[in-house]
Amino acid sequence: MTSAKDSNQKRLFRKKRSRAKISGSASIPRISVFRSNKQLYVQLIDDQAGVTLTSARSKEVDKKLFNAETAKETGKKLAEKASKKKIKEAVFDRSGYRYHGKVKALAEGMREQGMKF
């Protein structure tokens, strides 16, 4: 049985490996995802300038539970903020998390609002 420390170390290794290949710019920023036990944090980042363009978190959505539906609403909220800044396309960085559950729901919510990645 793997402990939480081992699984987090594996995730960080996957994150490091994928970040070597992924980079964002002002025109096509990187969507960075961080998932804790209680919240989901998402940022649009311009890696060339080292600046966060916009961000959203699951607490901004008026839901009591943190589930896939809340993650989907968080994705829609970030996509709305991005569209106000005229950002239509981005690179999705899942930070080593598996693409299922809350991370997948986040991506689907962003796609529903017109984001391409």
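Serine 95 sits in the loop between β4 and α3. Helices here are DSSP runs of H or I with at least four residues, strands are runs of E with at least two, and both are numbered from the N terminus. Before going on, the model is a predicted one: local features need pLDDT of at least 70, side-chain atom pairs count only at pLDDT 80 or more, and totals for chains, interfaces and linings use all residues. Residue numbers start from 1 along each chain as its sequence is written, and side-chain values use heavy atoms, with hydrogens and water left out.

Back to serine 95. Its phi is positive, about 55°, although the residue is not a glycine. Is serine 95 buried or exposed? Serine 95 has a relative accessible area of 3%, so it is buried. The cut-offs are these: buried is under 20% relative accessible area, exposed is over 50%, and partly exposed is in between, with a 1.4 Å probe and protein chains only.

Lysine 86 also has a positive phi, of about 60°, and is not a glycine. Lysine 86 is in the loop between α2 and β4. With a relative accessible area of 73%, lysine 86 is exposed.

Now the sheet. In which order do the 4 strands of the open sheet lie? The order is β3-β2-β1-β4, and the pairing is mixed. Two strands count as paired if DSSP finds at least two bridges between them. At the edges are β3, residues 51-57, and β4, residues 91-93, each pairing on one side only. On average, and ignoring direction, neighbouring strands are turned by 20° against each other. Axes for angles are lines fitted to C-alpha atoms, for helices over the stretch in contact, and the angles run from 0 to 180 degrees between N-to-C directions.

I will take the pairs one by one. Strand β2, residues 40-46, pairs with β3 in the antiparallel sense over 6 bridges. Within that pair, leucine 44 stands opposite threonine 54 of β3, and the bridge partner of aspartate 46 in β3 is valine 51. The hairpin of β2 and β3 has 4 residues between the strands, and there glycine 50 takes a positive phi near 70°. β2 is mostly covered, with 5 of its 7 residues buried.

β1 and β2 are also antiparallel, over 6 bridges. A hairpin of 4 residues joins β1 to β2, and valine 33 has valine 42 in β2 as its bridge partner. On the other pairing, β1 and β4 run in the parallel sense over 3 bridges.

Serine 32 belongs to strand β1, residues 30-35, and stands opposite aspartate 93 in β4. Its relative accessibility is 15%, so serine 32 counts as buried. Which residues does serine 32 touch, not counting residues up to four places away in sequence? They are Tyr41, Val42, Gln43, Ile45, Asp93 and Ser95, where contact means heavy atoms within 4.5 Å.

In α3, the buried residues are Val103, Ala105, Leu106, Ala107, Gly109 and Met110. The buried residues of α3 pack against β1, β2, α2 and β4. After α3 comes glycine 114, with a positive phi near 105°.

Last, the largest pocket. It holds about 410 Å³ of space. Of the 15 lining residues, the closest to its centre are Ser7, Asn8, Arg11, Arg35 and Tyr97. The elements giving two or more residues to the lining are α1, residues 4-19, and β1. The largest share, 6 residues, comes from α1. By class, the lining divides into 3 nonpolar, 6 polar and 6 charged residues. Here is how that was set up. On a 1 Å grid over the protein atoms alone, a pocket is an open set of points with protein on both sides within 12 Å along at least five of seven lines, whereas a cavity is a set where a 1.4 Å probe fits but cannot get out; lining residues have an atom within 4 Å of a point. Grid points are joined across faces, edges and corners, and the volume is the space filled by probe spheres set on the points. Ala, Val, Leu, Ile, Met, Phe, Trp, Tyr, Cys and Pro count as nonpolar, Asp, Glu, Lys and Arg as charged, and the others, Gly among them, as polar.
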